[in-house]
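Me: I'd like to go through this structure with you, one question at a time. Can we start with what the terms mean?

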Amino acid sequence: MENEILSEVDEVKAKKKKKKAQRGVTIFLCVMLAYPILEFLVSWIFVKFNTILMAFQLPTGEWSLLTFKAVFTDMFNTQATFSLAVALRNTFLWLLVSIGSLFFHYFIAYVFYKKMLGTKFFRIVFYIPAILSEVVVATVFKNFILTNGPLADIVRIFGIEQLPQLLADPDYANKMVFFYNFWTSWGGHMLLLGGALVRVPLEVIESARIDGVGVWRELVQILFPMTWGSFSTILILSFTGIFGVSNSVLMLTHGYNGTVTAGYWIFHKTYFEGASAYNQVAATGLIFTVAGAIIALGVRWLVERIPAVEY
Amino acid sequence: MEKSMRYVNGIDRKKVKKQKDILSRRTPGERIFFSVVFVVFSLQTLSYLLMVYWVVLASLKTPMEYFFGKQLAFPNELMFSNYSKAFSGLQVDGTNLFGMIFNTLWYTALATFFAIMMPCITGYCISKFDFKCKNLIYTVAVINLMIPVVGTAPANIKFLNVIGIFDTPLYVIWSHSSGFTGSFLIYYGFFKSVSRSYMEAAEIDGANHFAIFFKVMLPQAVPVLLTYAITNSISYWNDYQSVLMFIPSFPTLAAGLYLYGELEAQRMGDFPRYYAGLILSVIPPLVLFACTSSKIMTSLSVGGLKG
């Protein structure tokens, strides 16, 4: 009888203790998660949801589909050099270039992985543009290639008397913006791709070398499939962020001469044109969000069809 | 003794040597291939160095010499005074270089602190505790990351104006305190891999959940936090588009130098002084990188994605 009472008391004590512990967890979670959840909800309701509402309004606040009409008209305006049509063309062109660059970055990561002479030095040099301000790097580049800049002095040695206005001439401007972005991106994804390569078991490489496998087969048929997980993640991210790409256009050309991209178009309208363009930006953003979601999910689905090598 | 010689800073030298031997074994054809790559990489490095050489020279010239002299020629007289003039002369809306540095410091510190801490907190809570809505929160957070909403800046400006924090330092806290950014998934994965036994041991010792998080779990995440702190602080130091749009009255170095550059381009002003300002602005991130480059390289490589 006494034992029963004691065990009941113990049970009650244990229950109380458990309840107290549970209360401790609840208080902790409430305190720690209250702000992040509130922030998430507020930013969704008042910013993201409001963006959707603004897309269906005029600057006066009236409900209308006219904003969408204007956006779609601009999307097919191939005559102007600063239009959504040009922005979309450049954005998709940049996507192609960045996919090509991703393969190039993979190659650079491979060369570093193979401990080429000077790897440590090149790795730091190529990474430096990523840690410097775009304002600094782009300003130096822009002034370097001016018609009275150092590049003009250099090409004069090779008999070219007059350097074209590379960023002011529509024939060259876009190519230069693309070149600039490629030129400064050699350190891109180097760390993630390098990390993935390092984790491939060395025995695999060792036995392949014994079997007489050369650089090309080692890279394409062994390492690439084994690091597909990292590569495909970066690939998906490139597609996910496609409409946010601004490509240093603000610094180089302000989007003129056919260089505007989707991301820059949004910045330009918001920052330079202000409240009168807000609804147009919201409508464009909504279209880009839907298109971006379809593209991102489609690419993800496609990428997942290719199985990753387990090791 | 032999063992201590083999391990330096926890790195197995024998294993590293073996790895190096395997990876740097080359056939004659491969040697030629890597030599060509070396030349290409050297040319790329040279192109970077040429720009650095030119901008440093340009920052030491007089405006006359800069506009009318040979661009790659050495200045007649080294105008180190351009650097001191940069501090007093580079002004945007009444903010000089000192003001910009001050704005950059607090902007970077606030943004970095909140951007690394909030996802750490959410990552910990969602990975280590079972509670109602846990899966819902996780799923919504992942979808939110997968499908970014584009064009929210106007609605954001309107909202910030309504709550009265547009163009104030509070904006920096608000906009960087999201707990569900991309790094949330990294912290989630990290804390998931940390054994629960640490928590249980601390609980037996009488620690409450706050103490467990701040005194037991958070110190374990220091390497991840530090890596994010370094990379985030560099990117916030260089951020200028958000500053221009949301806190225009507090120009940071990047935003201020952009605005000043626009003015200089219009009036064909004192470019050498402007270049001096640009060079001064890159010193802190370069120093931070120089001090932490090995940390960044190894942490991000090791902490990267598998496969």
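Predicted model: local features only at pLDDT ≥ 70, side-chain atom pairs only at ≥ 80, totals over all residues.

Me: Which helix is Glu218(A) found in?
Reply: Look along chain A for the run covering residues 215-226. Glu218(A) falls inside that run, which is helix H10.

Me: Is Glu218(A) buried or exposed?
Reply: The cut-off for buried is under 20% relative accessible area. Glu218(A) has a relative accessibility of 0%, so this residue counts as buried.

Me: Which side chains does the side chain of Glu218(A) make polar contacts with?
Reply: One polar contact, at 3.0 Å, goes to the side chain of Lys114(A). Another, at 2.6 Å, goes to the side chain of Tyr110(A).

Me: Arg209(A) is also in contact with Glu218(A). Which residue of chain B forms a salt bridge with Arg209(A)?
Reply: Between chain B and chain A, the count is one salt bridge. Its closest N and O atoms are 2.6 Å apart, and the partner of Arg209(A) is Glu30(B).

Me: Which helix of chain B gives the largest share of the side that touches chain A?
Reply: That side of chain B divides into 60 nonpolar, 24 polar and nine charged residues. The largest share, 16 residues, comes from residues 28-59, which form helix H3.

Me: How much area is buried between chain B and chain A?
Reply: In contact there are 93 residues of chain B and 100 residues of chain A. Carbon and sulfur atoms give 75% of the buried area, and the total is about 9000 Å².

Conventions:
Residues numbered from 1 in each chain as written. Chains lettered and ligands numbered in written order. Heavy atoms only, no water. Helix = DSSP H or I, 4+ residues; strand = E, 2+ residues; numbered from the N terminus. Buried < 20%, exposed > 50% of the residue type's maximum accessible area, 1.4 Å probe, protein only. Polar contact = N/O pair within 3.5 Å; in protein donor to acceptor, adjacent residues only side chain to side chain. Contact = heavy atoms within 4.5 Å. Buried area = accessible area lost by both parts, 1.4 Å probe. Salt bridge = Lys/Arg side-chain N within 4 Å of Asp/Glu carboxyl O. Nonpolar A, V, L, I, M, F, W, Y, C, P; charged D, E, K, R; others polar. Lists of a residue's contacts leave out its neighbours within four places in sequence.
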